[in-house]
Amino acid sequence: MTVPEPVPPPVLHPAAEPVLEPAAEPVLEIADLHVTYAPGVRAVRGVGFAVRRGEVLGVVGESGSGKTALALATLGLLPESARVRGSVRLRGRELLGRSDAELSRVRGKDLAMVFQDPLSALTPVHQIGDQIAETIRVHAGATRGAARARAVELMELVGIPGAARVARGYPHELSGGMRQRVMIAMAIANDPLAIVADEPTTALDVTVQEQVLEVLRVAKEATGAAIVLITHDLGVVAGFADRVMVMYAGRAVESGPVGEVYRRPRMPYTIGLMRSLPRLDGGAARALPMEGAPATTGCPFAPRCPVVLPACARGEPPPAPVGPAGHVAACVNTAATERQDRVFPDPEPVLRSPRPPRHERPPVLEVTGLVKHHPRYRGTLYKRRVGAVRAVDGISLDVRAGETLGLVGESGCGKTSALMEILRLGTPQQGRITVFGQDTAALTAARRKALRRDLQVVFQDPFASLDPRMRVAAILTEPLTTHGVRKALIPGRVQELLKLVGLEPEHASRYPQDLSGGQRQRVGIARALALEPRLLLLDEPVAALDVSVQAGVTELLEELQARMGLAYLFVAHDLAVVRQIADRVAVMYHGRIVEIGSVDAVYEAPAHPYTRALLDAVPYPDPERERRRRRTPLAGDPPDPSAPPEGCRFRPRCPRHAGLDGEQRRLCAEIDPVLRAAPGGQDQRAACHYPQGETPWWKSP
Amino acid sequence: MNRRTRAGLALLAALFLLAFAGPLLSPWGWDDTDFAAFRAPPSAEHWFGTTQSGHDVFALTLRGMRRSLLIGLLVAVLSTGLAALVGTVAGFCGGWPDRALTFGVDLLLVLPSFLVVAVLSPVLPGGWPMLVLLLAGFMWMVTARMVRAMTISLKEREYVLAARFLGVSAPRVIARHILPHLASLLAVDAALNVSVAILAESGLSYFGFGVRPPDTSLGTVVADARGSTTAYPWLFGFAAGLLVLIVLAVNLLGDGLRDALDPATRRTMP
């Protein structure tokens, strides 16, 4: 069995009418919950909430805020060494303090869960249908056949195409989105009272995230369960939750109805979190950087708070009502947060000296028809080649001095492969790479090494990109010694670099594991800048960081560009970040660039249906607009990279293709479209036979 | 450092001290002959007794032990070093160097090493240093394959990629970013190789292939006692006992090191 065929969009219930009148009795009730890991490591400190039937509570927080510990405590899945205090009641029955055997009777039946990583939550050696059926048999005592039939029914409900066939398959045969659907099917198998979903869509691409959220919505309506949705993504909460609880340093610092909290946040942390999000609509306000660690005494947010009072240091403020419908915030200075736009000073705009027009600036990187195929082999003794993964399948782009080209696409589209191919500075399988006018295929080893000074890289994961056994100073020294900088100059240069990226001199003697994520990424940037390159390739440089830290790193990159005239090739999957930082954007799908052009042109009027779908799939952190929008999630999964469809590669998922007549469709089916100037666009080209500049939904009133 | 490592280290240190400082305590040299005592049992005069020809067994055993320890250490260092070199080069370079080296490793692995060393060591010149080379030459392959596999995964780490894209040369990347991460594995491997080498050397020497008279090792001491094991147990008992102690000490040290360095086997500290 291979990857399932493209899925039709799941049957949607258009208006989110609650199936049941929300009963007054809460289903899941948590009061004064404390979780302590080791003495002194208090992950959750006195959190309480109640969710009613059919209600969705969004729990939002950054890494280390205690949101996952909260989920595990609710489910009774904490490790033995953790200590839990407080109360977790499911329809009035206390769950804390029960034995694992007793809890197992509740878990999976009345209280279900969906985790972030569905692959590790499914058993690899059992058929999918059997795993769902097992949940039903364990709790409901159904016969084998009846449970199997019900499993297939559930799989159909969550929109798995060919459910009966997939039920006989194994987890590894499914895509991430499909596995998450299976997890949801298991979660609703026994009509649970409540579902706890911990980052259920974080590992998924935006288009798949949209599908899975839709399925979760269907599941909620089918079972009427209460849902606790734990996430770091304010956009997901805006569209999906009824109420929201913001966590910081193990406490709920603000909670209330979603619309109210998003419109009038009163805790400075919530206000900062909202403002640190980059906006897809490129709104006037820039993302607000908000870095720092929680305090251990007094209000934990005090060190980062712009409206801090002396009273804040005296003790943690209790949650107090600040608005209608149970809107509470734990803040001393709610008087100052009356006007949220006045709480944080506006970030200073990055001053850019005017650049000459694009065609006058020299190109620093030119890629023409680049191809990178990974051959696939099969067989144990004799390895035969059985085709190739077409990671990069003929892309062309150029980056000119001082500008940023964003390269966006979903996982597996080939964007990182393309970046690595450029960084290799070798001879490409096909096509040509020219860096600062030099063809990489014709370089000698010495020229290649010299060229590396001008072309540097920053990686995604600041935890993996720094050698854990080297101090920061040694990490920054390495490029300098490699390229023969005189020994006497090195210590000064290291200090200069630290200052350049906003770190302190004493950071030089630290090891990477003693730094925060944001600080590590700054070290990664400093290493890349050590040799004063003119072109930086950035592989998702902010994707692994918390939103409040993201804004700071993005701002640093913009400042460096303005000051040093750097050119960036910025690979990302987050379209909002690209909107903020990039001048031009290239959208990749299945190893190809399907649309390329100036950011404004592409975001305001995407000509390729895939670009449009990507933009539409990004959840928008505004509950009112998010609820008003008509959802048409892009069908299907990203395709198998070794077998592109005939003709246009996007055709099987294309919403525009569906509306064409037979004659028009033939063109899509037979001829692979090439990039052509989009209608109306100045600097915008799209690879579509029927391009049209469509207005994305968030532009419409 | 845990208790086992400490015990192993203390035992090994004591054995080294005995091997190298022991002769100072006894008036007898290994080639002295006491014509008043042939096959004398252990006594105040001859602590481990004497041989058929009146040699002091204590002096002979310590001489054999020095040789065995030296061979063990050298073989371990050489074979682990070779394994590190071949493994990292094959893993890091990939392509044809990898294929060639892996083929060589697989070829050596299928040879019956004990037989080959037994056949070659008597005919090759060079005495015990040649034996060291032969033993080392047949002990590095499994480690090399392990090192190669780990290098391949380390090579894709972002900090290694970052160094390569900075233009750092391959030998330097291996030395600075890859070897330090293999250090714990290699240390454990070298420690365990010491005991394997000493056992192999003793076995070969016992059969007359490894260290040959007039040179002495623990194996030859035991071999000389062949035929009189029950009647004159002191002739081989002390040598065999020390052999067991050496292997025990080294294995304790190796296991302890592995536990201390490998987070996967680390137990929660009390």
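Trainee: Across which strands of chain A does helix 7 (residues 176–187) lie?

Mentor: Helices (H or I, at least four residues) and strands (E, at least two) are DSSP runs, numbered from the N terminus. Contact requires C-beta atoms, placed from the backbone, within 7 Å. Axes are lines fitted to C-alpha atoms, for helices over the stretch in contact, and angles between N-to-C directions run from 0 to 180 degrees. Here, helix 7 of chain A lies across strand 6 and strand 7 (194–198) of chain A, at about 175° to strand 6. This is a predicted model: local features need pLDDT of at least 70, side-chain atom pairs count only at pLDDT 80 or more, and totals for chains, interfaces and linings use all residues. Residues are numbered from 1 along each chain as its sequence is written, while chains are lettered from A and ligands numbered from 1 in the order in which they are written.

Trainee: In what order do the 8 strands of the open sheet of chain A stand?

Mentor: Strands pair if DSSP finds at least two bridges between them. The order in chain A is 6-7-8-3-9-10-12-11, and the pairing is mixed. Strand 6 (111–114) and strand 11 (320–323) of chain A each have a single partner strand, so one side of each is left without a neighbour in the sheet. On average, neighbouring strands of this sheet are turned by 25° against each other, direction ignored.

Trainee: How many bridges join strand 3 of chain A to strand 9 of chain A?

Mentor: Strand 3 (residues 56–60) and strand 9 (residues 243–248) of chain A run parallel and are joined by 4 bridges. V59(A) has M245(A) in strand 9 as its bridge partner.

Trainee: Where are R91(A) and A325(A) found, and is each exposed or buried?

Mentor: Burial is a count of other C-beta atoms, placed from the backbone, within 10 Å of a residue's own: buried at 20 or more, exposed at 12 or fewer, partly exposed in between. R91(A) sits in the loop between strand 4 (83–90) and strand 5 (93–94) of chain A; because R91(A) has 14 such neighbours, it counts as partly exposed. A325(A), in the loop between strand 11 and strand 12 (327–329) of chain A, has 10 and therefore counts as exposed. Neither is glycine, yet phi is positive: near 45° for R91(A) and near 55° for A325(A).

Trainee: How many residues does the contact take from chain A and from chain B?

Mentor: Chain A gives 16 residues and chain B gives 11. Helix 13 (445–452) and helix 14 (472–482) of chain A each give two or more residues to the side of chain A that touches chain B. The largest share of that side, 3 residues, comes from helix 14 of chain A.

Definitions and conventions: Contact = placed C-beta atoms within 7 Å.
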